[in-house]
Amino acid sequence: MNTKNQALQLLGGLTPSQFIAEYWQKRPLLIKNAIPNFKGLLSPEELAGLACEDEVQSRIVEYIKGTWHASHGPFDDADFAKLPDVPTKDHNWTLLVQSVNHYLPEAAALLQQFDFIPHARLDDLMVSYAPDGGGVGPHFDSYDVFLLQGQGKRQWRISEQTDLSLIEGAPLRILQNFDTAQEWLLEAGDMLYLPPHLAHWGIAVSDEAVDCMTYSIGFRAPKNQELATEFLGFMQDRLNQDKLILDGIYQDADLSLQNHPAEIGRAMIATVSANLHKIQWSDYVVAEFLGTYLSDPKADVVFDANKKISSRVFGEKLAKLGIALDLKSQMLFFDDNFFMNGEMVQFSGESATILKSLADNRHIVTDDIKAYKIQDALLLQQLYDWYIAGYLRFESN
């Protein structure tokens, strides 16, 4: 994380502490020229090319004569050929591509600029393309988002309304009503931060034949119900793995006679309840759950194993080239517990320092490797295993 807490142009001259105290999950912030000279990271054609790949999540959202439609990728040239070159008020469209940071190193580097927010909260970078008038309608998100404008322009409208009722039957969460409170025109390099549940509406504005591309930096906000469900499943696994043992069997030596043999007696309920109360957890257990859960890849993420090399060759290349997380990898830590794509390992001392640097910066350059002088055979083996699994890559690749 950004521990220096310096004023950032990215935040309009605010320090990360000021931004979090005054805006994060509280109110919107418009930042003009947040990233000077930013025109985007890829062209519309390159974005469309990503949307044609099998492993990439993408959508085309169309507004046709008052009705919203959504189709999911992968797409092909024929799908794009059906879309109008010149949108009208009765037919406009938007292309949305998720997790661009998994496929574009420059996108992953862009996300690193937002490391004043914990990596555990980061979701992905979504990139949208829309010709003039395109958008996904008035809506709200359940998470924080930074909306960074690439090429072209986008008119953003926000509302302070509490009416969040949705259009029934729409494939997207489109608001039935929208009452504009403020609006801004964002140009290349401008950025808008929006807290959760703030109604907003973005409309593409083409300028001199330059269509609109917007980069959405989204943050993960699991529902409390989801966290509870997943945590109970995690605890069940701990029981099954004998990490948490409840000794003995059910006993009722003081059994009382019942008038109704089919009735579940209060004494039985009390005994079982007392046994269940023995299942307890500490902050450490919660941290282990969060580490594995929040670093676990989404269902669509697939890692390509690296070419098999010997551990000796790996060590030589590590010292020469440095190592980096794969673009799809998520690495988190708590104390000396390290979580890589849903798996936990433990290291201490100098090895822990090295892994914390890898998690924070997503890479370790050769100078750092020479400074660390990695001697821990277990750490080298772990890095080697992660490399073979496709979780790591050599820095120069």
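Here are some numbered notes on this structure, which is a predicted model.

1. **The whole chain.** Let's start with the overall picture. The protein chain has 397 residues, and 43% of them are buried. Its secondary structure comes to eleven helices and 17 strands. If you put a box around the C-alpha atoms along the principal axes, that box is roughly 85 × 70 × 45 Å. Now take the contacts with a separation of 6 or more: 77% of them are between residues 24 or more positions apart.

2. **The sheet.** Which order do the strands of the eight-stranded open sheet follow? Going across, you read E1-E9-E6-E11-E5-E4-E2-E3, and the pairing is antiparallel. In general, strands of a sheet pair through backbone hydrogen bonds, either parallel or antiparallel. Ignoring direction, neighbouring strands here are turned by 20 degrees against each other on average.

3. **The edges of the sheet.** Look at the two ends of that order. Strand E1 (29–31) and strand E3 (67–72) each have a single partner strand, so one side of each has no neighbour in the sheet. For E1, the partner is strand E9 (residues 191–194): three bridges join these antiparallel strands. Within this pairing, you can find Leu30 opposite Leu192 in E9.

4. **Helices on the sheet.** Two helices to look at next are H2 and H4. Helix H2 (residues 44–51) packs on the sheet and touches strand E2 (58–64), strand E4 (91–97), strand E5 (122–130) and E11. The direction of H2 makes about 70 degrees with that of E4. Helix H4 (residues 105–112) also packs on the sheet, where E5, E6 and E11 are the strands it touches. Between the directions of H4 and E5 the angle is about 120 degrees.

5. **Aromatic rings.** There are 28 aromatic pairs in the model. A pair of aromatic rings is described by the distance of the centres and the angle of the planes.

6. Are Phe146 and Phe219 buried or exposed? Both are buried: Phe146 has a relative accessible area of 0%, and Phe219 has 1%. They also belong to a cluster linked by ring pairs, together with Phe19, Tyr23, Trp24, Phe114, Phe116 and Tyr193.

7. **Charges over rings.** Two arginines deserve a look. Arg157 lies over the face of Trp201, 5.4 Å from the ring centre. Arg220 has its charged end over the ring of Tyr293, at 5.0 Å from the centre of that ring.

8. **Cysteines.** How many disulfides does the structure hold? The count is zero. For Cys52, the nearest cysteine sulfur is that of Cys212, 20 Å away. Cys52 is partly exposed at 28% relative accessibility, whereas Cys212 is buried at 0%.

9. **Lys153.** This lysine is in strand E7 (residues 153–159). With a relative accessible area of 19%, Lys153 is buried, as buried means under 20%. Apart from its neighbours within four places in sequence, Lys153 contacts several residues, among them Glu187, Asp207 and Cys212.

10. **Backbone details.** Finally, check a few spots along the backbone. The peptide bond from Gly73 to Pro74 is cis, with omega near 10 degrees, and Pro74 is in the loop between E3 and helix H3 (77–81). Gln25 is not a glycine, yet its phi is positive, at about 60 degrees. You'll find Gln25 in the loop between H1 and E1, where it is partly exposed, with a relative accessible area of 44%. Lys65 has a positive phi too, near 50 degrees. Lys65 lies in the loop between E2 and E3 and counts as exposed at 68% relative accessibility.

Methods. Residues numbered from 1 in each chain as written. Predicted model: local features only at pLDDT ≥ 70, side-chain atom pairs only at ≥ 80, totals over all residues. Heavy atoms only, no water. Phe/Tyr/Trp six-rings, centres within 6.5 Å; stacked < 30°, edge-to-face > 60°. Buried < 20%, exposed > 50% of the residue type's maximum accessible area, 1.4 Å probe, protein only. Lys NZ or Arg CZ within 6 Å of the ring centre and 35° of its normal. Pairing = 2+ DSSP bridges. Helix = DSSP H or I, 4+ residues; strand = E, 2+ residues; numbered from the N terminus. Axes fitted to C-alpha atoms, helices over the stretch in contact; angles between N-to-C directions. Contact = heavy atoms within 4.5 Å. Disulfide = S-S within 2.5 Å.
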